[in-house]
Amino acid sequence: MTQPTRPRHQTAPASEDVVLGVDTHKDVHVAAVMTAMGALLDTRSFPTTGDGYRQLLAWAQSFGRMRRAGVECTGSYGAALTRYLHSEGITVTEVNQPDKATRRRRGKTDVIDAAAAAQAVMSGRATATAKTSDGPVEVIRMFKMAKSSATKSRSQAINQLKAVLVSADPLLREALAGLSNPKLIRRCLELEGTDVFAPAAAARHTLRLLARRIQHLTEEINDLTTRITTAIAAYTPKLLDRYGVGPDTAAALLIAAGDNPNRMGSEASFAALCGASPVEASSGKTQRRRLNRGGDRQANSALYTIVLARLRWDTRTRDYVERRISEGKTRREAIRCLKRYVAREIYQEIIRPIEGAHMPVSAG
């Protein structure tokens, strides 16, 4: 049963447009409905279930024509609600939390936040269309998330294995000294276990366990890499053909764009989303631009990785950097320019429609 959080008796004509605002949480979403003139009609809480989403939409539409909604945390707590609203033809705008000055003046409650979300949409303060998260890019995002955690765990296991070797018995340490990581792991897998409770035996057992863990994580990473590559090739066939673009960098850029990249409107918007666009910092007689430190930092890192690969292997890229340096730019400034160019190039591949694209059942 849904319970009204602040009952009101205002109503809007059936032909009047209303705007929905939602403050999202793990178990309960708090919704507020406002008229186009900014009058708060009602607020109510709904559970984060399929039935709860349907009740929320029916409740909001009972006040008038509801075509727009402002939702907080569309990439986490509000992701499922955002997908549902999109499927029902509602335009969902991503709303950031109110700034600290506003919260100091107005206070902080879920009802206030829900109303602020609706006001942000009506005032134009919130303009970013939320990601739909219902297509191939969402699949890639989940695979990429799993791969990142597996890669981090493997690095940790490798470091632990080498730390055990540092304090191990000299005979064991010398037998495994100077080996590359793959050979070291294979040799540790071949170590014999024992039930003797002694430091040397414990070291052998620990090394073998860590090696098994590393082997398993490597298999997991390779499987996820194959799945990510297959998914990218099915969604944007030519993206991986771009010079310096690999599965990880392509995945990071696709995740930043989302399943509805047309929401960005232009390649300049994509560059800003990736933190690769300059920001005006002029004042008085000083006219200058500064580095954009905002945007998706993983996407920005992906652009940087692509640029480094081209600087190492592509003659045209090296010639460009040398020319810009001769014009008075620093190497870092030239690289920033290259990141902007790469963002423009990648954007053209991302927004290119895929006719008949479909996700494979498996990567095997």
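A: Asp 42 has a relative accessibility of 6% and therefore counts as buried, a label given to residues under 20% relative accessible area, whereas exposed means over 50% and partly exposed lies in between (1.4 Å probe, protein chains only). The model is a predicted one, in which local features need pLDDT of at least 70 and side-chain atom pairs count only at pLDDT 80 or more, while totals for chains, interfaces and linings use all residues. Residues are numbered from 1 along each chain as its sequence is written, and side-chain values use heavy atoms, with hydrogens and water left out.

The side chain of Asp 42 meets that of Arg 44 in a salt bridge, at 4.0 Å from N to O; the term requires a side-chain nitrogen of Lys or Arg within 4 Å of a carboxyl oxygen of Asp or Glu. In general, side chains of opposite charge can pair when their charged atoms come close.

The structure holds 15 salt bridges, and another of them links Lys 108 with Asp 110 at 3.7 Å, N to O. Here Lys 108 is partly exposed at 44% relative accessible area, and Asp 110 is likewise partly exposed at 30%. Arg 324 and Glu 327 also form a salt bridge, with 3.1 Å from N to O, and Arg 324 is buried, with a relative accessible area of 14%. Beyond such individual pairs, salt bridges that share partners join Arg 242, Arg 310, Glu 345 and Glu 349 into one network.
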